[in-house]
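Dear colleague,

Please find the structure and its sequence below. A summary of the findings follows.

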Amino acid sequence: MNSLWVKKDELDKSEWHGAEATDLADGQILLQVEKYALTANNITYAAVGDGFGYWNFFPTGDAEWGIVPVWGFAQVVASENVDVQVGERVYGYLPMGSHLVVSPGSISDAGFVDMAEHRQGLAIIYNQYHRLGTEQGALEAERAIFQPLFTTSFLIEDFMRSADWFGAEALVLTSASSKTGLGLAQVVKNLSPSIKRIGLTSAGNVDFVTKTGLYDQVLTYDQLDQADAGQLTVSVDFAGNGKLLANIHAHWGDNLKFSSLVGVTHIDDRGSADDLADPKPELFFAPTAAESLIGKIGPIEFRARVDAEFAIFVKNASDYLHVENLEGSEALQSAYLKMLANEVAPSRGLMCHF
């Protein structure tokens, strides 16, 4: 059993740690990680880990080091739970490591919740595991790479539409090449087609973002002044770049009707902007939004709505996104460091296999 530990205050410091298998307590199961997706979303988990409790899901026992959470697939290889059998496969929140002990509760044919003591009080959306039977299914890589991010995209659009887009006519997104950004642009295109979609990205990603066909206007960060400042606009910032956000607020001024912060993709530039003009940015936390919407429409309807939009996204994404499979500890560690350094092209969808 091994896992990749990351130093919490120096995210580029990482090392593999091995551990002996422990005996399972009554009711516990042992999951062996098969594969997980590696995206900018995982870097966000690490960057804001202390503030949002992401380091608490898979504790190392060392206050200075943590394990980055990922989304992926695992198989039950040992079980002391009569309701969960060896050989079953699950999809859910996993450590960047080879194994995980969980304590299933609220067990149904569809899934279960990890009731481990250290995970109580943490967002339930991360503690749920979907039961998949014993066979691999279709589009598993796409599900692991995109679905957690896409659910966030879906929730942002629902939030904006429920607020009548704060009276705005346009949406500006930073990190337009990010998977969450692409997902949001897709859902807005489908469900709020009257809202103009403006994508901001780096010069090297302009061709890729344009090729997706998801944006009405694609600009580099240096071309922000070409956006229509007279149009009532809302912003969704995925980059976490304080200077860029300040420029967005200054460009639109009073015509910026709402400013939302989601995730951190530009690690070196994260932080708040000084003297930021109103409206004050509001943090969007997907688990809270999901719990709110599920409370209104129920879990079955929620899943159906997300899945319907996700099917459209996956079908279209195959035109511009390529799934790349990685295997072995060295390749997995290298992939994490490259993702951290923002050196992974947006057209690559990384699947890491143990």
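In what follows, contact means heavy atoms within 4.5 Å. The model is predicted: local features need pLDDT of at least 70, side-chain atom pairs count only at pLDDT 80 or more, and totals for chains, interfaces and linings use all residues. Residues are numbered from 1 along each chain as its sequence is written, and side-chain values use heavy atoms, with hydrogens and water left out.

Leaving aside neighbours within four places in sequence, tyrosine 336 is in contact with Leu4, Val6, Leu11, Ser14, Leu38, Ile43, Val68 and Met96. Tyr336 and Met96 are also among the residues with the most contacts inside the largest nonpolar core, which has 91 residues. Such a core is a set of buried Ala, Val, Leu, Ile, Met, Phe, Trp, Tyr and Cys residues joined through side-chain atoms within 4.5 Å; buried means under 20% relative accessible area (1.4 Å probe, protein chains only). Helix H3 (residues 140-162) gives the most to this core, with 9 residues. A second, separate core of 12 residues includes Val172, Leu200, Ala227 and Leu256.

For the protein chain as a whole, 54% of the 354 residues are buried. The chain holds 9 helices and 18 strands, which are DSSP runs numbered from the N terminus (helices H or I, at least four residues; strands E, at least two). Of the contacts between residues at least 6 apart in sequence, 71% join residues at least 24 apart. Along its principal axes, the C-alpha trace spans about 65 × 40 × 35 Å.

Methods. Buried < 20%, exposed > 50% of the residue type's maximum accessible area, 1.4 Å probe, protein only.
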